[in-house]
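Q: Could you walk me through this model with me asking as we go? I'd like to begin with the packing and move on from there.

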Amino acid sequence: MDTLVRLTDVSKTYDSDGAPALARVTMDVSQGESLAVMGPSGSGKSTLLNLIAGLDRPSRGEVTVGGERVDKLSETGLARFRRRQIGMIFQFFNLLDDMTVLDNVLLPAQLAGMPTARARARADELLAALRIGSHGDAYPARLSGGERQRVAIARALVNRPALLLADEPTGALDSATGEEIGELLLDLNSSGQTLILVTHNPALAARYARRVIEIVDGRVASDAATGARR
Amino acid sequence: MRAMSAWPPAAAGPAVRAARGGLSGRRVQALVIGLVLLVSTAASTLALGLLVDSNSPFDHAFAAQRGSEVTATAQASTARLAATAHLPGVTAAAGPFPETTVTADVPVTPPPGVSGPPGGGIFQTQLTLVGRSSPGGPVDDLTLEAGHWPTQPDQAVMADVRGPGEHLGAQITVTGAPGSPHLTIVGFASSITQTAQAWVLPSEVAALRAPGAPGVSQMLYRFSSAATGRQVGADLASVRAALPPGSLLGAESYLTVKLQDTSSIAPWVPFIVAFGVIGLVMSALIVANVVSGAVVAGTRRIGVLKSIGFSPGQVVASYVIQVAVPAFLGCLIGVVAGNLLSVPLLGQTAQVYGVGALAVPVWVDVAVPLVMLGLAGAAAVLLALRAGRMSAVQAIATGRAPRPKHGYAAHRVLGRGAWARLPRAVTIGLAGPFARPTRTAITLAAILFGVIAVTFGAGLGTSLNRVYNDLSHSSAEPVQVFIPGAPGQNGGGGNLAKAAPGPGPGPAAPSLAAQERAVQAALRAQPGTRHYVAESDDNIRVLGLSDHVSLVGFGGDASWTGYALISGHWYSGGDQADVNTGFLTQTGAKVGDSYTLTSGAHHLTIRIAGEIFDPSGGNAEIIASQSALAMLDPGLAPDQYDVALTPGTDAQAYADAVGAKATRPTPTPAAPRSSSSSSAWSRR
């Protein structure tokens, strides 16, 4: 399989005199893969995800996604990269509360320059597939946690990104809803969507990812395949 | 909310859609921005419009009439005066024109419904009269407003500030001249620099001069450099040097006339401008504060926008639109409100200048909202740029809590020593502002300017109250007893001096002397009298000054009457006088100088003992002993008594009691001394 994400000797330090959040991490992620990044709080897993998404810059090392050196891009270049390559799901959804569900989903498509009719059709298709089609005109504050995370997933997928990044996607949900979201992610991966999932929940990682990397104190402590179903 | 979803259309840019979301989600914030811009734009439009219009009418008329930059009165030969037209720096000159000051009687018929002497009265006034063969000329090209220029000796054109009884065809009598010649008013003309109050043919002036009056002439000049008082002073010095010593009796700069013309609005324009500037600064600070608040509150939102692909430019655009929409609406309504508010104020200004109608200039209507929008936009751009440059992760993290390390020191200090005795909740609150120092500084600056505005407004009110007290003398002389029919009762440039011959006999009025005796007796007899002094008022014309001079003469010690002294001391002795600021400005004299006044054939040299606070409508005012001022104005006679009361005496009861004892006089509690310009009888 082709390599989609490559990190080479990547370190990230927030304070010049502090311990690195990530230390000399080198890893590859192939296209279509589902990878879970695990580790205790403060181990550096979210930092790793942010570096891959271009939301933050490494202190040293190279980050390449889809053949593009993310660490070398300008702010505008990073914005363009995120629109085209990345779909991101956060633990606390990060929806725009002053926009409707439909507008939230449409916004990345509009940023990417997708024709209006096509964007609308894609948004409707996603909302229907995620079973929130009836909430298009609602505002996020009126939805349940699970519904909001579905909206976030729809927004992340609207531009058909090469890479879907999920940072603790079930962390703010009850277990039943979390399971539903997990199943959704698994289905997406089954259809070819590359997925990197950050979680501190070993059961979730084992169930929904085919490969698990464990990070401890900013370093890759283990990298192993799981028996997750496909 | 549903209605807003229809806008903007789906095809609109993401920045616009994000801005719309921000606007609908923060309506109070948008409302505050809009209101701040509305008020600031309205205040600035009003202030700037008034400022521009307070100067422009004079300037336009001055340019159109080729106004006289220096109007000089001199006693020199025609040839010597004519030669001054060729002095270096003189670009144009007119004259010499023969000049004199005359006393004139104008018959007055009271309008229907207004009480007055039976058969009408005589309006007595003094005029600076100049002989000119035509209204035109290279300098002071008069505008003939009505009628025609004199064609024969017994005709006059009056300045177009029509006093009572002055109309085309009216006949005035020059009382001081031999034979009391009559002049028929054949026209009205205006001179922007008020070079005279009446014009006749040059050959007529000699016949109108009072016996003993000097044969003086008027010269009008324009110079290559006369923009400032210093330049005009230098120009005048060159004219003075070219004439025989002492022959230049008086000279007036157009800057003085301009100052007088603009004085009706000049006192409050600075306050409006100051308020406008404060409003401008406050609006900038408040907008910066509100926008920074919006950015800080929206930092997490910025992080989210960036995480889904917004570029820094799109973030800036989104936030600038979010500010620009309410700001634009505020400016739009503000400029309309400013224009509406200016209507009554500019109407008054137009009346003062006689220029028909004034409006806020178009460039002000365009410039003010643009500047205000620019200010708001700049504040928005600067703060949004800063937020736009943050990484998405940093923005999301900062949106949840202040950036690390900010305010740590304050927290540490407030947690130790004496501070530690305070409740922890208090010290946390005190340290809070240090976490966002820039925003705290902007808030402090806005509060500071707010306090300045409140202090300024309260101080202005207190100052105006003090001005009222100083002008009314209500504390020092709570009662003033007026003598009806006495000269000076009209307070203006002329006096309603005597009744015209009526058709039948009427009740005989007591003589002024008898009335004075009655008032004095009543004041002496009335308990509660502390001091009283006779006051004589008149307005006369003196050579070298375009406007009349107010004379206030006292028949005894009047140092207690409540005049506020700006400098110097109260006059003592017959050769001393106190003058107001207007006198010093118009004559160029200083406290301590001696100054000679010439009115008709009468002269008076005074030493200026002090400068008093009495704007007197921009006119010059002299306060001295009655006996001294009578040398300049022999008709000066007491017209009122100023009375100070012993502590605890009720002014109204005292006035009523004195009124009952004195037959004709009418005592009243003191009111503000009316300035001559506010009188219907005034003459400019």
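Q: Leaving aside neighbours within four places in sequence, what is A:Leu197 in contact with?
A: In this predicted model, A:Leu197 is in contact with A:Ser34, A:Leu35, A:Ala36 and A:Val37, and also with A:Ala166, A:Pro169, A:Leu185, A:Tyr208 and A:Ala209, once neighbours within four places in sequence are left aside.

Q: And which residues have the most contacts inside the largest nonpolar core?
A: Those are A:Val37 and A:Leu197, and the core they belong to has 119 residues. There is also a second, separate core of 47 residues, which includes B:Ala72, B:Leu545, B:Val552 and B:Leu632.

Q: Switching to chain B, how many helices and strands does it have?
A: Chain B has 18 helices and 21 strands, and of its 684 residues 45% count as buried. Among its contacts between residues at least 6 apart in sequence, 83% join residues at least 24 apart.

Q: Where do the chains touch, and how many residues of chain B are in contact with chain A?
A: On the chain B side there are 22 residues, in contact with 22 residues of chain A. Helices H1 (14-25), H8 (299-307), H9 (312-353) and H11 (392-400) of chain B each supply at least two residues of that side, and the largest share, six residues, comes from H1(B).

Q: Staying with H1, is B:Ala18 buried or exposed?
A: B:Ala18, which has its place in helix H1 of chain B, counts as buried because it has 30 C-beta neighbours inside 10 Å, and the cut-off for that is 20 or more.

Q: What does B:Ala18 touch, beyond residues up to four places away in sequence?
A: B:Ala18 touches B:Leu305 and B:Ser318. As for B:Ile321, it is 303 residues from B:Ala18 in sequence, yet the two are 9.4 Å apart in space, C-alpha to C-alpha.

Q: How many residues of H8(B) are buried?
A: H8(B) is mostly covered, with eight of its nine residues buried, namely B:Thr299, B:Arg301, B:Ile302, B:Gly303, B:Val304, B:Leu305, B:Lys306 and B:Ser307. After H8(B) comes B:Gly309, whose phi is positive, near 115°.

Q: New topic, H5 of chain B: which of its residues are buried?
A: B:Val232, B:Asp235, B:Leu236 and B:Val239 are buried in H5(B). Seen down the helix axis, the buried residues fall within an arc of 95°, so they line one face of the helix, whereas the face turned away from that buried side carries the exposed residues B:Arg230, B:Ala237 and B:Ala241.

Q: How far apart are its end C-alpha atoms?
A: The end C-alpha atoms of H5(B) (residues 229-242) are 20 Å apart, which agrees with the 20 Å that its 14 residues should span at 1.5 Å a residue.

Conventions. Residues numbered from 1 in each chain as written. Chains lettered and ligands numbered in written order. Predicted model: local features only at pLDDT ≥ 70, side-chain atom pairs only at ≥ 80, totals over all residues. Helix = DSSP H or I, 4+ residues; strand = E, 2+ residues; numbered from the N terminus. Buried ≥ 20, exposed ≤ 12 C-beta atoms within 10 Å, placed from the backbone. Contact = placed C-beta atoms within 7 Å. Expected span 1.5 Å × (residues − 1). Arc of directions from axis to C-beta. Core = buried A, V, L, I, M, F, W, Y, C linked by C-beta atoms within 7 Å.
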